[in-house]
Structures are given as structure tokens and as C-alpha cells.
Amino acid sequence: MKTNARRKYWNPRVEEKLGTGELDPLRLRRLKKALIYFKEKSPFYRRRFKRARFNPEKINRFSDMKHLPPLTKEDIRESQNESMERSGHPYGAHLTIGQEEIRLLAATSGTTGEPTFYVFGERDLEQWCEIRSRQLWRTGLRPGDSIMIAFGLGMFVGGVPNVIAARHFGLQCVPVGAEGGSGKVLRFMRLTRPRAMLATPSLAKLLVEKSREDGGETVDRLGMDRLILGGETGAGVPEVRKFLTENYNAEVFDLQGPNISCRLKEYAGMHRVGEDHYLYEIVEPRTGEPLPNEDGVEGEVLITHLFGSAAPFVRYAPGDVHRIYLSPCRCGMSGSRTMIVGRTDDMLKVKGVIVYPSAVADVVASAGKKITGEFRIVLKEKPPLVTDTLKIMVEAGKKLPHGKWGDLAGELKRLLKGKTGVTSDVDVVAPGTFTRSGHKTGVFIKEYED
């Protein structure tokens, strides 16, 4: 695609219509065509549609999708087990192409069981590159700029696929990966001085600490003016954004799937730039009942591919709880917006009050340099129910005198009560107590498993 660096969008013809409803007739046609294709090509979806008495040929409106049950991670694992038993491959009975047509594989880590595979055919790669290009363009990057890919380059979906997308966009790519640790990332950052970085918020924070400790140039002196962060929540937490913005002297963007935040200083959620490629639904997390598509509605998101994907998802429930915004954004960019509130598997119900770790992270980060930014929620019983006081451990900042730890604990306890409505027990611990990682950071200490 020829690019005019001054234009507003990567793909103006489509993006100008995002969030306006003008694309709905096209999206409905694509949905119907895709579901018919999935039924024809995949035994998994043929059975699934038959059990639900769901006929894709008769779809007339998006709300007809409510007759299909949500697709869970357990459903995907069962599909993969079926394909292994019947066809000798782990890519799922929901695969719609032959193995010879697969062009790229990605997978989850599989730390809690067998990995979940993401299968890319030619069309999937084209779609991935198109969506990423729309997102990168909105950050202000242009062909010829340089970007460091500091997501894991193993099987992680944010690794090699993003290298391919960066090439498609026309970026100079520095694929350092995260496997060598923060020291390696920082070394190549100092050597190559990229304009932007794709990484997790955890790694971005860790690099700040690392650059302060090793005596070399700190990250704010390396010329990086854009942080595009995903893989976990954090880039949407106001105090985390403030910390990273100030320490890098850079703009911070929250990237989650086909969504990306805008250039407003105050976080306004993520713009959905892939509405012509995906159908989003919002449902009540506990019952799966559809919720109205209205401004401010909060619920679990379900995602359906609108194209003939290699291994498509239909009403897939990744476990994210979103709040949606349909009103125009002050930034002037198109697309409805979404904000991740938490995850269904991270949700805690403390004496009847729902609390997400992201709310705790926001409060902890507000303490600034009094803390390192690391915290853990200690669970004495299996979630989501917490019948006792919520216990939270927070690392003190390196320069905070031990005599001030009690004051900090009291301050955080008051702030947490105001933010979440629940009483907490805050324990301030020494800096360095918790293991650092550039990958997704777990916030729970599960004492009930000991």
C-alpha cells in the first residue's frame, strides 16, 4: 500500500467509518458468510451449531448470535485433543484449512496445561498485518521509523507475528525478544536506539530499574518516544502510565488484540480498529446473558472472526471484562472504545464486593516513589470468594526509611478502601522481595495451594 505520511489513518476508506454503524451491513454479510464457511470446513463447528440448533444461513441480525454458547478455553483444548487423536496434529478440530496451508504457529505458554495454539494461514497473516498497521499508524509511527520487539520471540503470539507486521508496515525492526532478560534488552536499546518499543508493561517498568542500577544511560536518555505495551494490563492504569511516561519521556499506548489507546494524555480506553474483522459482544460474566451495546456497559467480551480464518473463534470468551464507550473520543480518532476492567479468572468477591487486581494496581502505583511498584495479593482460599480481610503485600521504595513503612501501609489501606469499598490488610515489605519478570506478572500468592 502506498503511504502518505500526512494522512490521518492507515486505511482511511475503512477507518473513517469505524464506530459509526456504516460498516454494519458489511459486517453482517461477512459474519453470515464466515459462519457458513466454518460449518462447511470444520467438524467441530458443525457439531457445535447442530447442538445449539443454530443455522448460520438464517442469521439476520447480530443478536442472533446469542443462541450459540460462548466458546471457552476448555472448548479449545478439547478441540485440540480431538484433532490429535483423529488427525495426529494439535491445532484443533476447528481448523478450516489443510496442514499444508498453515504458514505460522503461535501458542500460549501452557504453564497450566497443554498450550493453546494460534494458527495463521495466508489470510490470517494478511489480516494481522492490516490490523497492526492501523494501530501503529495511530501511534504516530511511519514507515522508516525503528521499533524494538521485546515480547518473547518463542511461540508467543506477540513475538514473530509482530516482526512480520512491522516489516509489512515498513519499520526498521529490532527483534531483541524478552528471552535474554532485561539486561539484554537494555543493551540493545542503548546500541540501536529505536524510536518505539513493543513490550509488556512489566518489562518496561523493569528496564527503568535496570537502567538506574547498572550505571549506564537511563531509559529517558535513549531517544525512545513511544511505548506500545500489551500482553497484560498496566498501560491503562493511570499511575503506571504516569510512571512510564515520566521515566521514558515517551507516549504510552495500551495495545490489546485489535484495540489500541489514543494519544490523549488522560487514558480514554482503547479504540477498536478491527470492527470490520471481528464481531464483539458484551455479556454478563456469570450467566452469559447478552448486555445492551450502550455507552458505559460493563461485561465479559466475546469475539467472533468475520473472515474465513484458519482456526476461527466463534463467540470466544478470553476471560476479559470490558467497559465499552460508544461516544466519540476527544482525540478525534474513529472507533468505539473499550477499557479492560479485569479478568474473570482474577475477579475476587470480598464479602460480596467485586474487586479486580487492576484497581489495587492503580492505588499502589499512586504512592509514587514510596514504593517500587511491585505488589502481591495473598489468597488464603480459592478465589473468587474472599471471606476474610483482603491481604496485600507491597514493596517499599528503596529510599523510603523503614520507620515510614507503617505510615505507607496506613495510607494505602485508606486509599484502597476508598477505591474498592473493602477493608484490606496492607503489609509493606523490603524492596526486591518479589521476583521481577519481563513477562506477564502474576499478582496472586496462593497460600491455599501450599
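C331 counts as partly exposed, at 25% relative accessibility, where buried means under 20% relative accessible area, exposed over 50% and partly exposed in between (1.4 Å probe, protein chains only). C331 takes part in no disulfide, and the nearest cysteine sulfur, that of C329, is 3.6 Å away; a disulfide here is a pair of cysteine sulfur atoms within 2.5 Å. By this rule the structure has zero disulfides. C129 is likewise in no disulfide, and its nearest cysteine sulfur, that of C173, lies 12 Å away. C129 counts as buried, with 7% relative accessibility.

This is a predicted model, in which local features need pLDDT of at least 70 and side-chain atom pairs count only at pLDDT 80 or more, while totals for chains, interfaces and linings use all residues. Residues are numbered from 1 along each chain as its sequence is written, and side-chain values use heavy atoms, with hydrogens and water left out.

In soluble globular proteins, nonpolar side chains tend to be buried together. A nonpolar core is taken as a set of buried Ala, Val, Leu, Ile, Met, Phe, Trp, Tyr and Cys residues joined through side-chain atoms within 4.5 Å. The largest such core has 28 residues, of which L348, V360, F375, I377, L390, I392 and V394 touch the most other members. Two or more residues come from each of β14 (348-350), α10 (357-365), β16 (371-379), β18 (390-396), α11 (405-420) and β19 (424-429); helices (H or I, at least four residues) and strands (E, at least two) are DSSP runs, numbered from the N terminus. The most, five residues, is given by α11. Beyond its neighbours within four places in sequence, V360 is in contact (heavy atoms within 4.5 Å) with V355, F375, I377, I392 and L416. Another core, of 26 residues, lies apart from the largest one and has V174, M189, L244 and A365 among its members.

Two cavities of 30 Å³ or more are found in the whole structure, a cavity being a set of points, on a 1 Å grid over the protein atoms alone, where a 1.4 Å probe fits but cannot get out. The second largest cavity holds about 40 Å³; grid points are joined across faces, edges and corners, and the volume is the space filled by probe spheres set on the points. Its lining, residues with an atom within 4 Å of a point, consists of R132, L136, N162, A165, A166, L198, I228 and L255.

How values were computed: 1 Å grid on protein atoms, 1.4 Å probe; cavity = no way out; pocket = protein on both sides within 12 Å on 5 of 7 lines; lining within 4 Å.
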